[in-house]
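This report describes the fold from its sheet to its helix packing and its cores. Please keep the sequence and the structure at hand while reading.

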Amino acid sequence: MRVLLIGANGYLGRFVADRLLADPAVQLTALGRGDDADVRFDLASGSPGALTRFLDAVHPGVVVNCAGATRGGARELTRHNTVAVATVCEALRRSGCGARLVQIGCGAEYGPSQPGSSTAEDAVPRPGGPYGVSKLAATELVLGSGLDAVVLRVFSPAGPGTPAGSPLGRLAEAMRRAMQSGDGELKLAGLGVQRDFIDVRDVARAVHAASLSAAQGVINIGSGRAVRLRDAAAVLARVAGYGGALHELDGPPGPPLRATIGHPRSAESDHAAPVAYPYPDGCGSWQQADVRTARDRLGWRPRINLEESLADIWMEAACRI
């Protein structure tokens, strides 16, 4: 199977490339903006005609698009997340290769959801910020393209390579600095948020499965379990060996959160109404994926638990000490 991977040097793309390269039946070609791509091409500025000519020359059976931007203003996000996907769809429509498209979407397309609920693919998307809007527009372009296509809505990726600007990346960096300076306490904000974290290697497995399947439409990729960031912080502290106190700056009044906390929460506390915070991803205080479609249509289930993902995040952060 000849696969064209777009965005192979990105956070998710690197692991997708590794997973595809491990399959002896896959012949992989990487397309991107970097010098180390097999073919250099900027989707945000390149023409569909130029990409069509390349598709006709390479004739892939599957195109996987992991490219995109997570930061920047509305104009930049639209260029890299929406216009770029429009270019891919138009090029595939013009090409005679007949390739299947696997598009990487995101959980931010759904926007805020009710605490305690699981978001299924038939939920009405209401993105709460420009990133989610730009990704939702890309999904709609793919679904309306008439192509053989599937969109994997990835919730909150975690694990090795986690960007320093992500919530878990910032958490690990703050803990590294506290340990380096010998601070006995760590003050953190936004720990009330609950997100569905999914390891990047499990995401790569889902992309591989989607490439081989005939599934179309939208499929959620997540763990199926929301985790409070304060609990993830406690697990990270245990993994890192940090014995100080974690102070939740914007949490409810009370004693500081000790780094040793990490025991399972009761159902009542898990579903209690959290304090409202303005979250940058536009998803509110809670997100949890319903992942039954991925199980039923892709034969996929998450394998890597959050503690292993956090251990890998900490390993990379610790190397900077």
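Contact here means heavy atoms within 4.5 Å of each other. The structure is a predicted model, in which local features need pLDDT of at least 70 and side-chain atom pairs count only at pLDDT 80 or more, while totals for chains, interfaces and linings use all residues. Residues are numbered from 1 along each chain as its sequence is written, and side-chain values use heavy atoms, with hydrogens and water left out.

## Sheet

Helices (H or I, at least four residues) and strands (E, at least two) are DSSP runs, numbered from the N terminus. Two strands count as paired if DSSP finds at least two bridges between them. By these rules, seven strands form an open sheet with parallel pairing, in the order β3-β2-β1-β4-β5-β6-β11. β3 and β11 (217–221) are the edge strands, each pairing on one side only.

β1 and β2 run parallel and are joined by five bridges, with Val3 opposite Leu28 in β2. β2 and β3 also run parallel, joined by two bridges; the bridge partner of Gly32 is Arg40, in β3.

How much of β2 is buried? Buried means under 20% relative accessible area, exposed over 50%, and partly exposed in between (1.4 Å probe, protein chains only). Five of the six residues of β2 are buried.

## Helices on the sheet

Axes are lines fitted to C-alpha atoms, for helices over the stretch in contact, and angles run from 0 to 180 degrees between N-to-C directions. Helix α3 packs on the sheet and touches β1, β4 and β5 (100–106), its direction making about 165° with that of β5. Helix α4 (residues 130–143) lies across β5, β6 (149–154) and β11, and runs at about 160° to β5.

The loop between α4 and β6 holds Leu147. This residue is buried, with a relative accessible area of 18%. Leaving aside neighbours within four places in sequence, Leu147 is in contact with Cys89, Leu92, Arg93, Leu101 and Gln216.

## Helix pairs

Two packed helices are described by the angle between their axes and the distance between the axes. Two pairs are set out below.

| Pair | Angle | Axis distance |
|---|---|---|
| α2 and α3 | about 50° | 8 Å apart |
| α1 and α6 | roughly 60° | within 8 Å |

Angles under 35 degrees count as roughly parallel, over 145 as roughly antiparallel, 65 to 115 as roughly perpendicular and the rest as oblique. With an angle of about 50°, α2 is therefore oblique to α3. The angle of roughly 60° likewise makes α1 oblique to α6.

A crossing is left-handed if the near helix is turned anticlockwise from the far one by less than a right angle, and right-handed if clockwise. The crossing of α2 and α3 is right-handed. In that contact, α2 supplies Pro48, Gly49, Leu51, Thr52 and Leu55, and α3 supplies Thr87, Val88, Glu90, Ala91, Leu92 and Arg94.

α1 passes α6 in a right-handed crossing. Here Tyr11, Leu12, Phe15, Val16, Arg19 and Leu20 of α1 meet Val200, Arg201, Val203, Ala204, Arg205, Val207 and His208 of α6.

In α1 (residues 11–21), the buried residues are Tyr11, Leu12, Gly13, Phe15, Val16, Ala17 and Leu20. Their cover includes β1, β2, β4, β5, β7 (156–158) and α6.

In α2 (residues 48–58), Gly49, Leu51, Thr52, Phe54, Leu55 and Val58 are buried. What covers them includes β1 (2–6), β2 (27–32), β3 (39–40), β4 (62–65) and α3 (74–94). Ala57 also lies in α2, but this residue is exposed, with a relative accessible area of 65%. Just after the helix, His59 takes a positive phi of about 55°.

## Nonpolar cores

A nonpolar core is a set of buried Ala, Val, Leu, Ile, Met, Phe, Trp, Tyr and Cys residues joined through side-chain atoms within 4.5 Å. The largest has 34 residues, and Val64, Leu152, Ile221 and Leu298 have the most contacts inside it. Helix α6 (residues 200–212) gives the most to this core, with seven residues. Apart from it lies another core, of 29 residues, including Leu55, Val85, Leu92 and Val142.

Which residues does Leu298 contact, leaving aside its neighbours within four places in sequence? Leu298 is in contact with Leu152, Ala206, Ala209, Ala210, Ser213, Ala215, Ile219, Ile221 and Thr293.
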